[in-house]
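Have the chain open in a viewer and follow along.

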Amino acid sequence: MDLLNTLVDKGLRRELPTREEALAVLATSDDDLLDVVAAAGKVRRHWFGRRVKLNYLVNLKSGLCPEDCSYCSQRLGSTAGILKYTWLKPDEASHAAAAGLAGGAKRVCLVASGRGPTDRDVDRVSETIRTIKDQNEGVEVCACLGLLSDGQAERLREAGADAYNHNLNTSESTYADITTTHTYADRVDTVSKAHAAGLSACSGLIAGMGESDEDLVDVVYSLRELDPDSVPVNFLIPVEGTPLAKEWNLTPQRCLRILAMVRFVCPDVEVRIAGGREVHLRTMQPLALNLANSIFLGDYLTTEGQAGKADLEMIADAGFEVEGTDQVTLPEHRAATAGGGCGSHESAGCGSHGSAGCRSHEGGGVCGTAAPAAPVGEPRTDLVAVRRRGAGTDLAPNA
């Protein structure tokens, strides 16, 4: 296809595709899907080889958020049966982080529900960052705390944070349909504050909320303009108890097209498959590694992810390798000014929409257990399991 040859050439030169070209990727047929993946895979391998960066989430404070983000199980008014707890102590957070690092993660994403941190919260998270860095040599830390006030990004940077994550989530024109308690401009402002403080900025999107192809292209082009080092791509998990519980709009093929479009628009950026990969990509997850160079290991904020061992086996079986702590994630021209990316917060805007997951134990899900196959096209509610282990519990984490 002439389109794909053009997009590969532009990706290798870091040249922005036209909006029409980006829309055309989303409109390709299933017959052309493998060609699309192969083309975007050339761009991915040019900038990142066959390395896969592993990131690990620690939910410092879960639930009870005053914001009304429609996709979020921690939102105001949510009836989802998620874990609810206040701030983890620094040693508790460091212990949780160590489990992910032992599993191969090189970056820890510290997340807290809420509109944004108070100055006291920044002090608390700063102590946690210092504790994690003191106890785990070489670890990268990303903070994901919501909307930032003046000076807070600088204080996190001084405490040792490497990155800050805050997602745009959807297009500016549809943002008010998803959230009313803060604005799209608020989110842009927080990403800008992280940039200005010298933190590696991370900002992404959530697909599957009923948006159009034009909305998806709009938000990805806005992200390109903001120039984050990392773009997490979340796929909505319609959690019971949230306003979007009935929105099952994604197929594995649709997810692959979205990831390919993001790679073409943001060729030299860390593209992370974040929340929802197990639920919507399912057995196509290994193919998606040809498009994205980063994933989360283990569980998400409020839901279970694929078993950590299954993640590592998937990477190896697909012919990829886990990125080591001695390797630099970003290409040289980006790494000179930044340290990588993060992505994780479902309620205050970080990138791992905490509604992803599979039943990686007790007999269900995409991890090779005994869950019966659902009819084609039926919502896979059997793949959504609320997290009951790890941070905030007495049970061992999935890492």
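Which residue is the bridge partner of Arg 51 in strand 10? It is Glu 321.

## Basis

This is a predicted model: local features need pLDDT of at least 70, side-chain atom pairs count only at pLDDT 80 or more, and totals for chains, interfaces and linings use all residues. Residues are numbered from 1 along each chain as its sequence is written, and side-chain values use heavy atoms, with hydrogens and water left out.

Helices (H or I, at least four residues) and strands (E, at least two) are DSSP runs, numbered from the N terminus.

Buried means under 20% relative accessible area, exposed over 50%, and partly exposed in between (1.4 Å probe, protein chains only).

Strands pair if DSSP finds at least two bridges between them. Strand 1 runs parallel to strand 10 (residues 321–322), with two bridges. Three bridges join strand 1 to strand 9 (residues 294–296), also in the parallel sense. There, Asn 55 stands opposite Phe 296. Strand 2 (residues 107–112) is joined to strand 1 by six bridges, and the two run parallel. Asn 59 has Val 111 as its bridge partner in strand 2. Between strands 1 and 2 the chain passes through helix 4 (residues 90–102), a right-handed β-α-β crossover. Right-handed means that, with the strands pointing away from the viewer, the path from the first strand over the helix to the second runs clockwise.

Strand 6 (residues 205–207) runs parallel to strand 7 over three bridges. Leu 205 stands opposite Val 233. With helix 9 (residues 213–226), strands 6 and 7 make a right-handed β-α-β unit. Four bridges join strand 7 to strand 8 (residues 270–273), again parallel. Pro 232 has Arg 272 as its bridge partner in strand 8. The crossover from strand 7 to strand 8 goes through helix 10 (residues 252–265) and is right-handed.

## Helix 3

Helix 3 (residues 33–48) has 16 residues. Its C-alpha span is 22 Å, close to the 22 Å expected at 1.5 Å a residue, where the expected span is 1.5 Å times one less than the number of residues. Its buried residues include Leu 33, Val 36, Val 37, Arg 44 and Trp 47. Gly 49 follows, with a positive phi near 60°.

## Rings and charges

Rings of Phe, Tyr and Trp (its six-membered ring) pair if their centres lie within 6.5 Å; planes under 30 degrees apart count as stacked, over 60 as edge-to-face and the rest as tilted. The count comes to two aromatic pairs. Tyr 175 and Tyr 184 are edge-to-face, 6.1 Å centre to centre, with 65° between the planes. Both are buried. Phe 296 and Tyr 300 have centres 6.3 Å apart and planes at 75°, so this pair is also edge-to-face. Phe 296 and Tyr 300 are both buried.

A charge sits over a ring if NZ of Lys or CZ of Arg is within 6 Å of the ring centre and within 35 degrees of the ring normal. The charged end of Arg 272 sits over the ring of Phe 296, 5.2 Å from its centre. Arg 50 lies over the face of Phe 320, at 4.2 Å from the ring centre.
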